Amino acid sequence: MDEQEKQQKQEASEAVGQKDVSHLDFYGGPFAATIPLVFFIIWAITLSVMKLVTEEALVLGMVIGVAIGLFFCKSLWKDYAQALVAGMAQPIGVIAVIAWFWAGMFAKLLAAGGLVDGLIWFGFQTGLEGGLIVGLTFLLAAVFSTAVGTGYGTVATFGILMYPAGVILGADPVVLLAAILSGAVFGDNLAPVSDTTIVSATTQEADVPGVVRSRFKYSIAAAIPALILFIVIGGGGEGVANPEALSQLQSQVSPAGLIMLIPFALVLYLALSGRHLLTSLTLGIVASIGVILLTGTPLTKVIRIYRDDAGEAAIGGALMNGIGGYFNMAILILFILAAAHLMEVAGTMEAIKNFFLKLIKGVVRRAELSIFGIVAFLNVFITINTAAEITAGPFVRKLGKEFNIHPYRRANFLDTVSSSLGYIFPWSGGVLLAWATIKGAKEDFPFLPIAGPTEIFPYVFQGWFLLLVMLISALTGWGLRFTGKNGEELKTNDGNE
């Protein structure tokens, strides 16, 4: 954008009473800008531990945190408000919300077509229960997320489909949900079309295919022990505790719903062929509706517009249910992005960067550990991993270039840490989305237990093992390589990065 375009954009913004806010001052210094998010984190953990958490309560906690932050702002309060609006308007949040809505509609249509029943029938017939169904869920979620490139969409889809089926088949609910999150971590980290992969590559001036090839060994090194643990400890769930109810369920389910694997496979094929996420899911939705109608299922399962008992207009069906479950989460994510933007304009990020720079003192190992540390620290507050990557990206690039660390190496540290922590912390976007999704699934399966965000924390094995792999890599130099003065590649250690 040239200077004339910038001037025109600024004039247009001012014409509607808006302006770009580049800096805010806070009483107590730049770290006072963390107050909204710190309050929200404490609020979310407290509610979760007390088992009182609801989506509305989480939104309220974020609103209260933002309101408290206003009283610590030394700058004009209208600038504080405008910075919040600018934070909410970031494309990252819009992309996440669209992914939830489309994936939610797709998953609800698959469920309406009987895919959950078909999966339960398959489990009964093959004896695939307990830990085995948890391991399978992890593998399928990993494949799906790698194909479609969205961890959030994977959580929305598998929370609706595999969570009810797995619980019925004797999987531990907490470990099962952690397996879904772990599959999301795998794909978010590795998928060529994932926003985190693209952001990590572009911010480090690297090509996406090369980055994906270079990080494959890290993903697999984490996935193998994760899969083993899911199989070993994933059983132990009560399933359907009543033997009579279980026998009745076995007689009710049938393989007919497995036909819905056709639109599921179609979405995988389209995504792997390079189609955009929205295009793939839209065609999958159309195919799902077609299959549902061909099997004789009434259209009201897809969409139903009617008057309720009070005579008020109402809308239901799979399409509406797929969207309706994520309205509160969409509002929450936009507020989180807004609060994170306050940290950016307050100089909090710059202060964090300067702190880590003082610790390095010219040592490459310290530089990589600092990259690991600052990306992890930012993910504590910025719970949308793509947003955390965009914030940390310039620091990682600057520091890595000073030590001639290869762009692939820098991109891998940036992405693996962000992709992992985005699905681990109880207050992170991925975990809260998973919790909201299974709460929605409970409407169709009232017996489902709801795994709480704090319960899931220790069991997201793919995320924890990825963090461990990258920490060991930083400490030992495994895969470390450099670039020369003219950008040529200089290898060290195993040279396989």
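Modeller: Buried means under 20% relative accessible area, exposed means over 50%, and partly exposed lies in between (1.4 Å probe, protein chains only). The model is predicted, so local features need pLDDT of at least 70, side-chain atom pairs count only at pLDDT 80 or more, and totals for chains, interfaces and linings use all residues. Residues are numbered from 1 along each chain as its sequence is written, and side-chain values use heavy atoms, with hydrogens and water left out.

Colleague: How do you know what span to expect of α23?

Modeller: The expected span is 1.5 Å times one less than the number of residues. Helix α23 (residues 461-476) has 16 residues and reaches 22 Å from its first C-alpha to its last, close to the 22 Å expected. Helix α7, with 18 residues, reaches 26 Å, close to the 26 Å expected. After α23 comes G477, with a positive phi near 85°, and after α7 comes G149, with a positive phi near 80°.

Colleague: What makes E205 and K401 a salt bridge?

Modeller: The rule asks for a side-chain nitrogen of Lys or Arg within 4 Å of a carboxyl oxygen of Asp or Glu, and the closest N and O atoms of E205 and K401 are 2.9 Å apart, so the pair qualifies. The two residues are 196 apart, with E205 in the loop between α10 (195-203) and α11, and K401 in helix α19 (residues 385-402).

Colleague: Which salt bridge does D415 form, and is D415 buried or exposed?

Modeller: D415 pairs with R215, the closest N and O atoms being 2.7 Å apart. D415 lies in helix α20 and R215 in helix α11, so the pair ties together parts that are 200 residues apart in sequence. Both D415 and R215 are buried.

Colleague: How many salt bridges does the rule give?

Modeller: The count comes to 3, including the one in which the side chains of E368 and R409 meet at 2.8 Å, N to O. E368 and R409 are both buried.

Notes: Helices (H or I, at least four residues) and strands (E, at least two) are DSSP runs, numbered from the N terminus.
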